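Here is a short tour of one protein chain. Keep the sequence and the 3D view open while you read.

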Amino acid sequence: MSDFPKKYNPQSFEWEIYRAWEENDYFKPQESTTGDSYYIPMPPPNVTSVLHVGHSVMLTLEDIMTRYHRMKWDSTLLLPGTDHAGISTQVKVEERLAKNGIDKSKMSRDEFLDECWKWNTEFGGKIQDQFRKMWTSCDWSKEKFTLDDDMNEKVTRAFNLLYDRGLIYQGEYMVNYDPVLKTVISDQEVVHKEETGKLYHVTYFVSWSDAEVVVATTRPETMLGDVAVAVHPKDKRYKKLLKAGKKLILPIVNIEIPLIADEMCDMEFGTWAVKITPAHDANDFEVWKRHDLPLNRVVLGKDGCMTEIAGIFAGQDFLTARENIVALLKSKWNLLKIEDHTAKVGYGERTWAKIETIISKQWFVKIDPIAKKVISGYKKKEYEIIPKRYNKVFEDWIFNLRDWCISRQLQWGHRIPVWYTPEGEVIVAENETEAQRKAGEWVVLTQDEDVLDTWFSSALWPFATLGYTMQEGEQPDLFQQFYPAQVLETWHDIIFFWVIRMLLFWYEFTWETPFKTVYLHGLVKDKVGRKMSKSLWNWVDPIDMIDKYGTDALRMTLSIGNTPGNDLKFDEENVKNNMMFINKLWNASRFVDGSTDMQSFDFEKTQKKLSDNYDDLMLHEKWILSKLVGLTDLVTNSMENYSFSEAGTELYTFTKNRFCDYYIEEFKLAKEVSKYWEDVILYSINVLLRLWHPYIPFVSEELYNKLGFDGHVIVSSWPEMSLEVNTDIEKAHTLFVEVIREVRKLRAENNVMPNKTIKLKIYAKNKNAEILNSCLDLLAGIVKSDETEIIEKKLSDPNLVYSVVKSGVEVYVDTSNAIDIESETERLKEQITDTKLYISILDKKLLNESFTRNAPKDLVHAEMLKKQQAVTKLEKLEDKLSSLK
């Protein structure tokens, strides 16, 4: 026996094993024996991140796939990295500066960026250390950061290529503006909440007429920027005014604005007329473009205050201006009424500041021409989405994309590679030297102050990390070997943020899909299904779980029961139970180690030996080998089809119920009479540890080494079995187990003491008798019978207790020498007394005419059934007591 601790203690070996794997370069792509490569680009966590259970699910699933394909001897690469997280990092750094009393506005750009790099150095290392503790078998030598010099070059080149192709342009459009971050943000970064506010009905008088038009608005402060009022072209109420070309007087501002017809108006809602404020509403902006209306009037400033165009309200914050404008409208008889109104209001997901929609000059990617390529690949099934129900979500996005605003008013990130001459000429170049050459040696250039949206660089992640040059011609070996990725595994809620944008860029630059499969996992919630939040005190730190229960127990919890696209309920009790299961596997392996005396183990030779001598194996040995073959086939197919929960569940069931609870117990009793006991048990545990390795890599490696198997399980081969499933043997063993189960039930029902033996007779004929005869001694040992025989006729001996196993098989047990007569008599008398009392209570209820006449029929029937069952139970108890006497 090797030095094999009695208790499973993951903290004693996990880090040592991980270091050994790294030192032996096992995480680097090995030379493939299959001719296939397998590449997963790890979604880069934000450099501001601290590890959470969402990361843990991602890492678990990606690592399961990676370890499986590594054991198949595909050339395997799980490529790690981190994202600079433009907005998040800048917010964190600004908060730290403010806490230290430093005014960011007084810092130069370079000084602020120095602080950001300090933050990155401090926290980027932390997230990497946590990923290492979370078991990730990624190739750390290829780790990337989105602001690495080579990544920066690729981002800049991508911008230039898209600009040269006419796919990047600068324009004034309606965008979401976060007044706290002082930058534009995407639609997907806006969270809408329902709020109760006010709906103000304002009268717009018709110029040179007694007529009037009533407009309803939730934001009266924006009316100072109105350029028109729109009504539906089919609305008969306004036909005369439209035909006459009448104009309206804009309240307070007292200028004329046109009344226009546009189908965006809803004749069934509100006052049927809509004020058009294109500078501050996305729908109004589209109306403004369609009707070629006058220049926009921007009245809401980026600083949260009214602009100079707002006249007497200039400089007032929006809410103050609203109060003053409403008061002025009242005084001028323009305010008709005020109603309560519920509407959705947009807030920034990071700052929870109320988002303003403004017109701003930004840089955009023209999406439609690129999206057509992605849609074409989708229709040709060049990539698939798992689970398939997310195809609908994907289609809703890809068929309705708008141009992508890629500029952000930040300093941390990829600075937009655009320079301006004093005359305003735009120079797009890969660096300042090239820009200067394009503009002329003596022209003074100023670089654009904005940076690119973080998702712009993330969209390049899968191929930029492989060294793709963003140029035509021969590409690096790494790119040629692993492009495209086999799988992209990520959260279902970033299908737009990341998945679609990667597809857009890959198809544009390479005309190929970036990945063959998109595997989407769900969110991790608490045990009652709530989102995890520190404010709800249901937040789980995965590192705490690892410190308490070990990495492998947490991996099991996050993978078994986790199906594609569905949210996972996390319960610490499950982690604890999984640790107990691993302890069971540990003890089983320790038993194998103590029972065998293996000098060396050769899997192929052992497999051939078992195959050649199959007929000489005992029933339980043939059974465990057949079940093992079936398990291997199922786990392999499940791995190939991304059914990781199904594979894990089957592994768990096999290990606990079949290998530990039955086979090992049978092995103990049959060891002395079996010719090949050592070969079978070593073969079985070897296959089992290899199948388990993707799920529980640390304990499988430790046990593999403790048992003396050659090499490391991480680089062993995935099991390929020459043996076959034997359904006849499995049916025979099922009969064997069913007999054991029924005899054990009879022992328990008759209060047979565990240390006492019984006498057993089994009624069986033909094939059933043949099966049971072949393993009669083993069966007798398991049920503790000192006299066991197969009989051909049924018995009717009142001194025997019996049970029907199945049609044609019955068991008869003589418990006379195995029961404490005195204590069993007392137990039966107590049960008889209790049962009689219960029957009398039921009789009282059933003899009550009021109950039987008024109670529902099913309730009366249920009570009668209870009595019938109680009477049957009483008869059996009395028969037992009589037999004892």
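What follows is a report on a predicted model, taken one region at a time.

## Helix α18

Start with helix α18. It covers residues 572-595, which is 24 residues. How far apart are its end C-alpha atoms? They are 35 Å apart. At 1.5 Å a residue, the helix should span 34 Å, so the two values agree. One of its side-chain oxygens comes within 3.0 Å of the backbone nitrogen of E573.

Which residues of α18 are buried? The list holds V575, N578, F581, I582, L585, W586, A588, S589, V592, D593 and S595.

## Tyrosine 8

Y8 sits in the segment before α1 (14-23). Is Y8 buried or exposed? Its relative accessible area is 2%, and the cut-off for buried is under 20%, so Y8 is buried.

Now look at what surrounds Y8. Leaving aside neighbours within four places in sequence, Y8 is in contact with F13, E14, Y549, D552, M579, I582, N583, W586 and V699. V426 lies elsewhere in the model: its C-alpha atom is 66 Å from that of Y8. Along the chain, Y8 and V426 are 418 residues apart.

## The nonpolar cores

The largest nonpolar core has 193 residues. Which residues have the most contacts inside it? They are F159, F394, F456, F659, Y683, V739 and I762. Helix α15 (residues 495-510) gives the most to this core, with 13 residues.

Take F659 as an example. Not counting residues up to four places away in sequence, F659 touches A588, I624, F654, I664, S684, I685 and L688. There is also a second, separate core of 29 residues, which includes L248, L259, F318 and V326.

## The sheet β8-β7-β13

This is an open sheet of three strands, in the order β8-β7-β13, with antiparallel pairing. The edge strands are β8 (212-217) and β13 (335-348), and each pairs on one side only. From one strand to the next, the twist averages 20°.

How many bridges join β7 to β8? Six bridges join them, and β7 covers residues 190-205. Helix α8 (residues 318-331) lies across β7 and β13. It runs at about 160° to β13.

## The sheet β19-β18-β20

Here is another open sheet of three strands, again with antiparallel pairing. Its order is β19-β18-β20. β19 (426-428) and β20 (446-447) stand at the edges, each with a single partner strand, so one side of each has no neighbour in the sheet.

Three bridges join β18 (residues 418-420) to β19. W419 is paired with I427 of β19. Helix α11 (residues 432-439) lies across β18 and β19, and it runs at about 135° to β19.

Most residues other than glycine have a negative phi, and most peptide bonds are trans. Some places in this model depart from that pattern. The peptide bond from I386 to P387 is cis, with omega near 0°. P387 is in the loop between β15 (384-386) and α10 (390-398). The bond from Y483 to P484 is cis too, with omega near -5°. P484 is in the loop between α14 (477-482) and β22 (485-491).

Positive phi values turn up as well. Phi of D25 is near 60°. D25 lies in the loop between α1 and β1 (37-41), and at 42% relative accessibility it counts as partly exposed. Phi of W73 is near 65°. W73 is in the loop between α2 (53-71) and β2 (75-79). Its relative accessibility is 23%, so W73 also counts as partly exposed.

Note on methods:
Residues numbered from 1 in each chain as written. Predicted model: local features only at pLDDT ≥ 70, side-chain atom pairs only at ≥ 80, totals over all residues. Heavy atoms only, no water. Helix = DSSP H or I, 4+ residues; strand = E, 2+ residues; numbered from the N terminus. Expected span 1.5 Å × (residues − 1). Buried < 20%, exposed > 50% of the residue type's maximum accessible area, 1.4 Å probe, protein only. Polar contact = N/O pair within 3.5 Å; in protein donor to acceptor, adjacent residues only side chain to side chain. Pairing = 2+ DSSP bridges. Contact = heavy atoms within 4.5 Å. Axes fitted to C-alpha atoms, helices over the stretch in contact; angles between N-to-C directions. Core = buried A, V, L, I, M, F, W, Y, C linked by side-chain atoms within 4.5 Å.
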